[in-house]
Amino acid sequence: MKLFRFRGGIHPPSRKELSAGSAIETMPLPERLYIPMQQHIGTPAEPAVKIGQHVLKGQLLARASGALSAPIHAPTSGWIRAVTDFTAPHPSGLPILTVVLEPDGKDEWDEFPLPKDPFEMPPELIAERVAAAGIVGMGGATFPTAVKLGGATNKHIHTLLINGGECEPYLTCDDRLMRERAFEVIDGVLLILHGIRWGRAIIAIEDNKHEALEAMRATAKGYGQLEVVAVPTLYPMGSEKQLIKTVTGLEVPAGGLAAQVGVLVQNVATAYAVHEAIRYGRPLVRRIVTVSGGAVRDRRNLEVPIGTLVDDLLRHCGHDGEPERLLMGGPMMGTVLPHAMVPIVKGSNGVLALSKPELPEGSASPCIRCGSCVRVCPVGLMPLELMKRAQNNDLDGAQDYGLSDCLSCGTCAYVCPAHLPLTHYFNYAKGELAARAQQKRKNDYTRQLVQARQARLEREAQAKAAAAAKRKAERAAKKAQEAEA
Amino acid sequence: MLAAVLSLTVLGLALGWLLGLAARRFRVDVDPRVAQVEALMPGSQCGQCGFPGCSPAALAVVNGEAPLTLCPPGGKALVEALGNTLGISVDTSAMNDGDPQLARVDETICIGCIKCLRTCPTDAIVGAPKQIHVVMERACTGCGACIEICPTGALALMEEEPTLRTWRWAKPQLVAA
């Protein structure tokens, strides 16, 4: 298959060898699970359980609310102990509404009706069941999968692209999944194909994962509609737009979506979750997490129930002293965690406890305009110009230079010889833009409220005047009556 | 009788014509930008800017007598919009937008007098006589009108707590090398 090349990109040290050799292990149940009510892009789910209630594994904990949302299910059987605020896996360390579950140790599944042959089901039913299972994009973006599938049926999708890129250093959870559960992943891919009524899928895997490639190729053999492709190892290959460009040569327009060029992208772990949901009716209640980094003693790939604390994972794997930096996700795009008392959510592919030597060193110095960042930017932006504008709070200027197309992939900051925190500046500028939009919405809303109030006051005054006139008329009529009598 | 009617009619017509003439001749042109600026402002007439309402404030902004940053409820978003309308570029970085204020009711002191409900320009306070009132944060602009009117001092302005929805990355602080 002819491959294309996206512009820029870097080769950071992969450090995958730290955990690639360890097979997927099931993590023993922790004492408590903390399940946040928002683990997806969109509206938070609404809790549907009471405190003290006993739930079975896979039972609904929270309903999806609105069109862009996903339900959340019990990761094990046990008792609901609280519905409260708890630290979210977010750099701010701010709280989010969370259901606290105390496992009863039996890990007993709820009963689900099993479909006879999913390939005889009407395709819409696949998206429906995927929605009910609470499946979201498991590569980290956590976009509700059913919304993507539902959108795909009425657009002209010509390729289903399965993302086995896993381009972030350290992470090996998708690698292990493809090696050990290739059959299940392939089955999930076939089910997604059935759901979107289309026959062709390309499974793209970075060429540094030989075993995964072999296992997937062997399993996909015999299915004419599937093709397993080795793509070059180049960060950020796992980014949707960059992967589409590499495999199909198509470029997603600025601000556009993959569907616009006729491609639907799903992560391998999402395909696996679809297999579990459609074949066994099991909702998404656990995921594979890579626990790695220099401060971790036994680096592993653990299959953990959603809601397990990062602290539980670190204690299970052992760590030497306090890690210098704690991350959820990969080192390039992951979230810095304020502390380890933060739960694993549907999109958490890794927990990294980094030691000092693994962190970049050197303090920031002025930009020398060497253009290294321009050469490596996978989107084709000019990070140095963007940063200058962000620094001077020229948000409109930054927008003109394509700020909204920035992936925040960290490639520019990685190569910057002046150690400038470019990505941090872009995150800041994006936040300011979002704040501005929010303020504008609030101002519009305030204006509406003021107008509504004025209209109401007028209405009330009118009603008062009308009532007074009525009373006056009544009095006059009464007087007239009395006079007649 | 006829003389009186005639003289008054003539007088009325003549004066009316004079008035009409004066209205045309001495017409004061209102800067159309004032209306534009007023439309951008929140319109809650809260008076935090020091002007009696949004309309006089808009006039002052257009005449250059007040800075674009005069409106606390409007925040940076309003400053940018005003700058675009008036063609002035403003540096908003110095503006402290970090801690928007919201009114909050202290439930232990509120006596349910409904005075604040009536005063609030955006109907952000909900309540009924002899019931504890509550401020709807989404609608509150932090204008403070309710605070002055509260007989028991149950209302106070407090900094808005950041949530996951409103939290933003801080600007990186570079140490000069």
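Student: How many cavities of 30 Å³ or more does a search of the whole structure find?

Tutor: Rolling a probe the size of a water molecule over the atoms shows where empty space is left. In this predicted model, the search of the whole structure finds 5 cavities of 30 Å³ or more.

Student: How much space lies in the largest cavity, and which residues lie nearest its centre?

Tutor: The largest cavity holds about 180 Å³ of space. Its lining consists of 17 residues. Those nearest the centre are A:Met138, A:Tyr272, A:Leu284, A:Arg286 and A:Arg287.

Student: Turning to chain B, into which domains is the chain divided?

Tutor: Domain 1 of chain B covers 32–86, and domain 2 covers 101–159. Taken over C-alpha atoms, the centres of these two domains are separated by 25 Å.

Student: What area is buried between domain 1 and domain 2 of chain B?

Tutor: The size of an interface is often given as the accessible area lost when the parts come together. Between domain 1 and domain 2 of chain B, about 350 Å² is buried, with carbon and sulfur atoms giving 63% of that area. On the domain 1 side, B:Ser44, B:Cys46 and B:Gln48 supply 80% of the area buried against domain 2, more than any other three residues.

Student: How many residues of each domain of chain B are in contact?

Tutor: The contact involves 4 residues of domain 1 and 5 residues of domain 2 of chain B.

Student: How many salt bridges and how many residue pairs in polar contact does the rule find across this interface?

Tutor: Across the interface of domain 1 and domain 2 of chain B, the rule finds 0 salt bridges and 1 residue pair in polar contact. The residues on the domain 1 side that touches domain 2 divide into 2 nonpolar, 2 polar and no charged.

Conventions: Residues numbered from 1 in each chain as written. Chains lettered and ligands numbered in written order. Predicted model: local features only at pLDDT ≥ 70, side-chain atom pairs only at ≥ 80, totals over all residues. Heavy atoms only, no water. Domains from an automatic or database assignment. Contact = heavy atoms within 4.5 Å. Buried area = accessible area lost by both parts, 1.4 Å probe. Salt bridge = Lys/Arg side-chain N within 4 Å of Asp/Glu carboxyl O. Polar contact = N/O pair within 3.5 Å; in protein donor to acceptor, adjacent residues only side chain to side chain. Nonpolar A, V, L, I, M, F, W, Y, C, P; charged D, E, K, R; others polar. 1 Å grid on protein atoms, 1.4 Å probe; cavity = no way out; pocket = protein on both sides within 12 Å on 5 of 7 lines; lining within 4 Å. Points joined across faces, edges and corners; volume = space filled by probe spheres on them.
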